Amino acid sequence: MKKILFYSVPLMISMIWLILTQETINPISIKGPAFLKFYLILVLGFYASVLILQSFKGNSSKTMFYFMILILLLGIVKLIKGLIIGKPVGYLVVILIMEGVIILCQPGVQSNPKHKPI
């Protein structure tokens, strides 16, 4: 439960920024530069929290992996929307590629260390 709260802090910070500056709670509805600011706050905050948590415990968790996938999916949804309406999406593509590489470089997630491998 602590991990979920810890990983949700960057989400709450980015949502507060979104509400205060864009006056909406829907990140998909905002325009390109504002979405990139929101997305960078979310991504950089999340990965900073991952680094902080891993420096204390040193292991990956399923919760971290699920948050990574959800953040990546948010970016992919906005990328598809931008492609459909013909907007430039170059910066978002670069961020998504870097995020995908980071996800692929994560060590395997262990479900339960007490179980023996098959």
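Predicted model: local features only at pLDDT ≥ 70, side-chain atom pairs only at ≥ 80, totals over all residues.
User: Are the rings of F6 and Y7 stacked or edge-to-face?

Analyst: The ring centres of F6 and Y7 are 6.5 Å apart, and the planes lie at 65°. Planes over 60 degrees apart count as edge-to-face. The F6 and Y7 pair is therefore edge-to-face.

User: Is Y7 buried or exposed?

Analyst: F6 has a relative accessible area of 30%, so F6 is partly exposed. Y7 has 2% relative accessibility, and the cut-off for burial is under 20%. Y7 therefore counts as buried.

User: What kind of pair do the rings of F35 and Y39 form?

Analyst: F35 and Y39 are four residues apart in helix α2 (residues 32–57), which means about one helical turn separates them. Both residues are buried. Their ring centres are 5.5 Å apart with planes at 20°, so the pair is stacked.

User: Are α3 and α4 roughly parallel or antiparallel to each other?

Analyst: The axes of helix α3 (residues 62–84) and helix α4 (residues 90–104) come within 10 Å and cross at roughly 160°. The crossing is left-handed. Angles over 145 degrees count as roughly antiparallel. The two helices, α3 and α4, are therefore roughly antiparallel.

User: How many residues of the contact of α3 with α4 are nonpolar?

Analyst: On the α3 side the contact includes F65, M68 and I69, and on the α4 side L92, V93 and L96 are among the residues. Two of the contact residues are polar and two are charged. The nonpolar residues number twelve.

Technical notes: Residues numbered from 1 in each chain as written. Heavy atoms only, no water. Axes fitted to C-alpha atoms, helices over the stretch in contact; angles between N-to-C directions. Parallel < 35°, antiparallel > 145°, perpendicular 65-115°, else oblique. Left-handed = near helix turned anticlockwise from the far one by under 90°. Contact = heavy atoms within 4.5 Å. Nonpolar A, V, L, I, M, F, W, Y, C, P; charged D, E, K, R; others polar. Phe/Tyr/Trp six-rings, centres within 6.5 Å; stacked < 30°, edge-to-face > 60°. Buried < 20%, exposed > 50% of the residue type's maximum accessible area, 1.4 Å probe, protein only.
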